[in-house]
Amino acid sequence: LMQRAIPEAERALNLALQHEPDNLIVHMCLGRLHLQSKRPDLALRAYQKVLQAAPNFSPDPRVGIGLGYWLSGDHRRAQMAWKRALERVGNAFDRSV
């Protein structure tokens with residue numbers, strides 16, 4: 001059932017982007033959908049768009065970027081992305097204390 005819903009969800013998200021091309025939430029959702037559909041190249045593109053537009057976006061798109069690299073077999077770049085995400089969380093925690 002869920003696999004059949006993916007194309008429908010993708011159409012809805014792309015329609016939303018036609019109306020609001022800079023909607024970062026929609027880009028994050030597309031990234032997640034592309035990961036689930038085993039399309040890491042498209043997922044990376046969506047997450048990188050969010051990161052470029054808003055480096056401090058939450059949830060951190062670096063996590064999705066890491067997942068995209070991992071799924072595509074580039075484990076070194078995946079670990080680098082996750083390390084940067086963890087560093088960002090650590091820096092935010094340090095500032096709040």
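Leaving aside its neighbours within four places in sequence, with which residues is Asp60 in contact? The legends below take up this question, among others, in a predicted model.

**Figure 1. Overview of the chain, a predicted model with five helices and zero strands.** Read along the sequence, the elements follow the pattern α-α-α-α-α. The chain has 97 residues, and 34% of them count as buried. Among contacts between residues at least 6 apart in sequence, 37% join residues at least 24 apart.

Figure 2. Asp60 is in contact with Ala85 and Arg88, once its neighbours within four places in sequence are left aside. Asp60 is buried, because its relative accessible area is 10% and the limit for a buried residue is under 20%. The side chain of Asp60 also forms a polar contact of 2.8 Å with the side chain of Arg62.

**Figure 3. The cis peptide bond from Ser58 to Pro59.** The omega angle of the bond from Ser58 to Pro59 is near 5°. As a general rule, most peptide bonds are trans.

**Figure 4. The contact of helix 2 with helix 3.** Helix 2 comprises residues 24–36 and helix 3 comprises residues 40–53. Their axes come within 7 Å and cross at roughly 155°. Angles over 145 degrees count as roughly antiparallel, and helix 2 and helix 3 are therefore roughly antiparallel to each other. The crossing of helix 2 with helix 3 is left-handed. On the side of helix 2, the contact involves Leu24, His27, Met28, Leu30, Gly31, Arg32, His34 and Leu35. On the side of helix 3, the residues are Pro40, Leu42, Ala43, Ala46, Tyr47, Lys49, Val50 and Ala53. The residues of this contact comprise 11 nonpolar, three polar and two charged.

**Figure 5. His34, a residue of helix 2.** Is His34 buried or exposed? His34 counts as buried, because its relative accessibility is 6%. Leaving aside its neighbours within four places in sequence, His34 is in contact with Glu10, Arg39, Pro40, Leu42 and Ala43. Among these residues, Pro40, Leu42 and Ala43 belong to helix 3.

**Figure 6. Two loop residues, Asp22 and Lys38, on either side of helix 2.** Asp22 is placed in the loop between helix 1 (2–19) and helix 2. With a relative accessible area of 63%, Asp22 is exposed. The C-alpha atoms of Asp22 and Val50 are separated by 8.8 Å, although the two residues are 28 residues apart along the chain. Lys38 is placed in the loop between helix 2 and helix 3. Lys38 is likewise exposed, with a relative accessible area of 60%. Although Lys38 is not a glycine, its phi is positive, at about 60°. In general, most residues other than glycine have a negative phi.

**Figure 7. The contact of helix 3 with helix 4.** Helix 3 and helix 4 pack at an angle of about 160°, and their axes are 9 Å apart. The two helices are therefore roughly antiparallel to each other, and their crossing is left-handed. Helix 3 contributes Pro40, Leu44, Tyr47, Gln48, Val50 and Leu51 to the contact. Helix 4 contributes Pro61, Arg62, Gly64, Ile65, Gly68, Tyr69 and Leu71. By class, the residues of this contact are nine nonpolar, three polar and one charged.

Figure 8. Gly66 is buried, with a relative accessible area of 0%. Leaving aside its neighbours within four places in sequence, Gly66 is in contact with Ala78, Ala81 and Trp82. The C-alpha atoms of Gly66 and Met80 are separated by 7.5 Å, and these residues are 14 residues apart along the chain. Just after helix 4, Gly73 takes a positive phi of about 95°.

Key. Residues are numbered from 1 along each chain as its sequence is written. This is a predicted model: local features need pLDDT of at least 70, side-chain atom pairs count only at pLDDT 80 or more; totals for chains, interfaces and linings use all residues. Side-chain values use heavy atoms; hydrogens and water are left out. Axes are lines fitted to C-alpha atoms, for helices over the stretch in contact, and angles run from 0 to 180 degrees between N-to-C directions. Helices (H or I, at least four residues) and strands (E, at least two) are DSSP runs, numbered from the N terminus. Angles under 35 degrees count as roughly parallel, over 145 as roughly antiparallel, 65 to 115 as roughly perpendicular and the rest as oblique. A crossing is left-handed if the near helix is turned anticlockwise from the far one by less than a right angle, and right-handed if clockwise. Contact means heavy atoms within 4.5 Å. Ala, Val, Leu, Ile, Met, Phe, Trp, Tyr, Cys and Pro count as nonpolar, Asp, Glu, Lys and Arg as charged, and the others, Gly among them, as polar. Buried means under 20% relative accessible area, exposed over 50%, partly exposed in between (1.4 Å probe, protein chains only). A polar contact is a pair of N or O atoms within 3.5 Å; within protein, one must be able to donate a hydrogen and the other to accept it, and residues adjacent in sequence count only if both atoms are side-chain atoms.
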